[in-house]
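Hi,

Here is the structure I promised to pass on. Have a look at it first, and then read my notes below.

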Amino acid sequence: MRITGDHTALAIEGRLDVRTAADARARLHQAVDTGLGDLVLDLARLEFWDATGLGVIMGTHRRAGRIGRRLVLRSVPAQLQRLLVATKLHRILAVDGGVAEAHGFIL
């Protein structure tokens, strides 16, 4: 897993899972704590996330909300969009361009 970017926009590559969660959490929380406005998280090159990885995203979302910021997911791969819909997290998380519209899901 690799995270690049700064306190306003980050990109995650590889896998966000139990093995990479601690490093990802630290990097994402640092970005939230040091910036202002929306934090855009580009997931175009994210290959996989498990429940732990999804927990990192949710924790970052909550942390951002507590200090008046918003986490925005961008370029979410179709497989991961389906997981957001299945868990109903697409209703909580801000997804650039939306989830349902992009893939024709009926919610």
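Leaving aside its neighbours within four places in sequence, D42 is in contact (heavy atoms within 4.5 Å) with L10, A11, I12, R74 and S75. You'll find D42 in strand β3, residues 39-49; helices (H or I, at least four residues) and strands (E, at least two) are DSSP runs, numbered from the N terminus. A11 is 31 residues away from D42 along the chain, yet their C-alpha atoms are separated by 4.5 Å. With a relative accessible area of 23%, D42 counts as partly exposed; buried means under 20%, exposed over 50%, and partly exposed is in between (1.4 Å probe, protein chains only).

Before you go further: this is a predicted model, where local features need pLDDT of at least 70 and side-chain atom pairs count only at pLDDT 80 or more, while totals for chains, interfaces and linings use all residues. Residues are numbered from 1 along each chain as its sequence is written, and side-chain values use heavy atoms, with hydrogens and water left out.

Now the whole chain. It has four helices and five strands, in the order β-β-α-β-α-β-α-β-α along the sequence. Of its 107 residues, 43% count as buried. Among contacts with a separation of 6 or more, 64% are between residues 24 or more positions apart.

Next, two of the helices. The axes of α1 (residues 21-34) and α2 (residues 51-66) come within 10 Å and cross at roughly 15°. These axes are lines fitted to C-alpha atoms over the stretch in contact, and angles run from 0 to 180 degrees between N-to-C directions. So α1 is roughly parallel to α2 (angles under 35 degrees count as roughly parallel, over 145 as roughly antiparallel, 65 to 115 as roughly perpendicular and the rest as oblique). On the α1 side, the contact is made by A21, A24, R25, L28, H29, V32 and D33; on the α2 side, by T52, V56, G59, T60, R63 and A64.

Which residues does A64 touch, not counting those up to four places away in sequence? They are V32, R69, R70 and L71. A64 sits in helix α2 and is buried, with a relative accessible area of 0%. D33 is 31 residues from A64 in sequence, and the two are 7.9 Å apart in space, C-alpha to C-alpha.

Happy browsing!
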